[in-house]
Every structure is written in C-alpha cells, then in structure tokens.
Amino acid sequence: MSQLSVKHLLGIKYLTTEDINLIFTTTDNFKQVINRKIKKVPSLRDVTIANLFFENSTRTKLSFELAEKRLSADVVNFSASGSSVSKGETLIDTVNNILSMKVDMVVMRHPMPGAGIFLSRHIDANIINAGDGTHEHPTQALLDAFSIREKLGELKGKRVVIVGDILHSRVALSNVFCLQKLGAEVMVCGPTTLIPKYYHTLGIKVEHDLKKALHWCDVANMLRIQLERQDIKFFPSLREYSLMFGLDLKTLNSLSKEIIILHPGPINRGVEITSEVADSSQSMILQQVENGVAIRMAVLYLLANQKEQGKGLAL
Ligand code: CP
C-alpha cells in the first residue's frame with residue numbers, strides 16, 4: 001500500500017493500522033533525509049501550506065514549519081492573536097480568505113474539539129489537525145508511537161501507561177487509538193477527577209496508583225497538568241498532585257526493569273516529572289521532538305501525494 005485511506009488527518013480514530021504503518025515506513029526514509037548534510041528534498045515544490053494556529057504552540061508549530069520547508073513547500077503562517085478573528089470573523093471566513101490565496105493544505109490548531117472535522121466539510125484543501133481542544137492531536141500520537149517503535153521494536157504486546165491530566169488531554173485520546181491499532185496494551189493513570197468516565201469503555205486499563213502502573217508498564221507517557229483548561233479545582237494542590245502522581249528518580253530506580261519515559265511537552269519540571277527524570281537516559285523527550293519533524297514530513301508528503309492521484313476518501 002502506498003496511499004493513505006484518508007484525505008485529511010483529522011484524528012487517529014480515522015486511520016487504519018495500514019495507514020499508520022505506511023506513515024512509519026515513510027518516516028524512516030525522512031528521518032534519514034533530515035540527518036543528511038543536505039536536509040531538503042523537492043517533494044512538495046509548488047505546494048502551498050497554511051499553518052493556522054488559533055491556540056499557543058511551540059513544538060508543533062515549529063515542527064510543522066520545519067517539515068514543510070524540508071519538503072520545499074511554500075509556507076504561510078497565521079496566529080489568531082493579532083488577526084481579524086478578534087474582530088468577529090468566523091472560522092470558515094478566515095480559512096476561505098486564506099484559501100483564496102491558493103493554499104493547498106491547512107495545518108490547524110484550534111481550541112474547539114472537532115474544529116478540523118467541521119472545516120473539512122466546507123473546504124477542499126487537505127486538513128491536518130495539529131490539536132483540537134481536548135479531542136485529538138494525531139501527529140503527537142504518531143511521533144510518540146514511532147519513538148517507542150524505534151527504542152523497543154514493534155508495539156504489539158508492549159505496555160504503555162499514560163499518566164496525569166487525561167480529562168483535558170488531546171494527546172491521551174490520540175495515543176490510546178494509535179497504540180491500540182498497533183496492538184499495544186494501554187493503561188491510563190491519574191486522580192479519579194482527571195480520568196473521564198468514558199475511558200472505562202475504551203478497552204484499556206484504568207489505575208489510580210502510580211507505583212502499580214509503573215511496575216506494569218514498559219513505557220510511561222507523563223502528561224502535563226493543563227491548568228489553563230481547568231476552571232475548577234480537580235485536586236487540592238500541585239504539591240499534593242506531585243506527591244501522588246509525579247515521577248522522581250528514586251521511584252524510577254526502584255522499578256525491577258528499565259522503562260522508557262515520554263512527555264509531549266511543554267514540561268512542568270517538578271510537577272509531573274522531576275528534572276532528573278526529564279534529563280535521564282531513560283527519557284526520550286528530545287528524540288520525540290526530533291521524530292516529530294520526520295513524522296510530519298511523512299504525513300504532509302503522503303497527503304499531498306494522495307491528493308495528486310485523487311483517491312482521497314471523505315474523512
Ligand atoms: N506537544 C505539543 O503539542 O506541544 P506544543 O503545545 O508546544 O505544540
């Protein structure tokens with residue numbers, strides 16, 4: 001198979017296992033490219049991509065822009081702050097105005113869950129979801145799974161625990177879908193208040209004791225507490241959260257096997273993980289960021305290639 005089954009990357013939910021494996025083998029090739037002296041290829045010459053960020057980002061925004069430039073695409077960047085969104089312009093009007101400038105692909109981060117799905121019903125360009133509220137962040141899950149595959153080999157049978165603020169996380173849901181499609185066993189761990197009830201229906205384990213979760217897993221993906229999305233208190237204090245669910249070196253070293261630590265960033269050092277853990281040899285945080293560029297090159301390349309051949313499905 002050399003084509004994705006989708007026209008847009010709106011969520012991992014809409015990808016097949018074959019799609020994910022195709023993205024990974026394409027990523028293997030692009031990872032070689034970005035480690036060469038000449039890091040640029042002409043694959044997306046004459047393709048114009050708009051990066052629309054309606055919400056803050058460091059890693060995802062820079063990573064997409066770098067991936068697009070490495071593929072020789074023409075790139076325009078839009079941030080909601082300082083734009084006409086604050087004057088009351090609708091999402092469709094904003095995007096249609098940008099598309100009138102002959103844009104082929106849209107990478108969008110938006111605070112509303114489903115914003116990319118909504119947009120895909122109204123415009124022709126390929127849409128890549130760069131994080132939609134608390135819903136999905138598909139390229140983050142792909143780069144997380146790719147990083148595990150790089151370190152541990154195939155994901156089938158591997159045990160991955162996602163720890164922390166599951167309720168407000170788009171990374172968690174995309175990771176659950178991606179890991180399940182690749183045959184991994186998945187657990188979420190955190191305070192009861194930060195694990196939505198519907199997670200019990202996803203066919204994964206739910207644990208509230210971090211030590212038990214760490215003894216069970218091969219990989220721990222430590223999520224950030226998203227205080228900016230919390231308008232009520234979900235736990236008494238950050239100090240108490242950190243005591244119950246924060247990972248320090250003593251706990252890591254007390255485990256009977258060496259596990260891998262992932263974190264999507266940005267890190268709250270001393271809250272979900274200590275600096276010693278973040279900077280330890282078991283942490284893959286910077287490899288995740290490196291793999292993010294290659295993953296995004298693969299996604300952009302495959303979607304653009306598929307569009308040229310006109311075989312995209314509806315979603
Ligand atoms: N991992 C992630 O999405 O980071 P940013 O919010 O900085 O893009």
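**View 1. The largest pocket holds about 410 Å³ of space.** The model is predicted; local features need pLDDT of at least 70, side-chain atom pairs count only at pLDDT 80 or more, and totals for chains, interfaces and linings use all residues. Residues are numbered from 1 along each chain as its sequence is written, and side-chain values use heavy atoms, with hydrogens and water left out. The lining of the largest pocket has 21 residues, and the closest to its centre are R109, R170, R224, G265 and P266. The elements giving two or more residues to this lining are α2 (59–70) and α6 (170–181). By class, the lining residues are four nonpolar, 10 polar and seven charged. Here Asp, Glu, Lys and Arg count as charged; Ala, Val, Leu, Ile, Met, Phe, Trp, Tyr, Cys and Pro as nonpolar; the others, Gly among them, as polar. A pocket is an open set of points on a 1 Å grid over the protein atoms alone, where a 1.4 Å probe fits, with protein on both sides within 12 Å along at least five of seven lines; lining residues have an atom within 4 Å of a point. Its volume is the space filled by probe spheres set on the points.

**View 2. The protein is divided into domain 1 (12–136 + 289–307) and domain 2 (138–287).** These bounds come from an automatic or database domain assignment. The two domain centres, taken over C-alpha atoms, are 25 Å apart. In domain 1, 31 residues are in contact (heavy atoms within 4.5 Å) with 28 residues of domain 2. Both domains give residues to the lining of the largest pocket, so the pocket lies between them.

**View 3. H263 sits in the loop between β9 (260–262) and α10 (275–278).** Helices (H or I, at least four residues) and strands (E, at least two) are DSSP runs, numbered from the N terminus. H263 counts as buried because its relative accessibility is 1%. Buried means under 20% relative accessible area, exposed over 50%, and partly exposed in between, with a 1.4 Å probe and protein chains only. The H263 side chain reaches the backbone oxygen of M222 at 3.3 Å. Leaving aside neighbours within four places in sequence, contacts of H263 include N221, R224, E272 and Q288.

**View 4. A cis peptide bond runs from G265 to P266.** Its omega is near -5°. P266 is found in the loop between β9 and α10.

**View 5. D46 has a positive phi, near 75°, and is a residue other than glycine.** D46 is in the loop between α1 (17–34) and β1 (48–53). At 68% relative accessibility, D46 counts as exposed.

Notes
A polar contact is a pair of N or O atoms within 3.5 Å; within protein, one must be able to donate a hydrogen and the other to accept it, and residues adjacent in sequence count only if both atoms are side-chain atoms.
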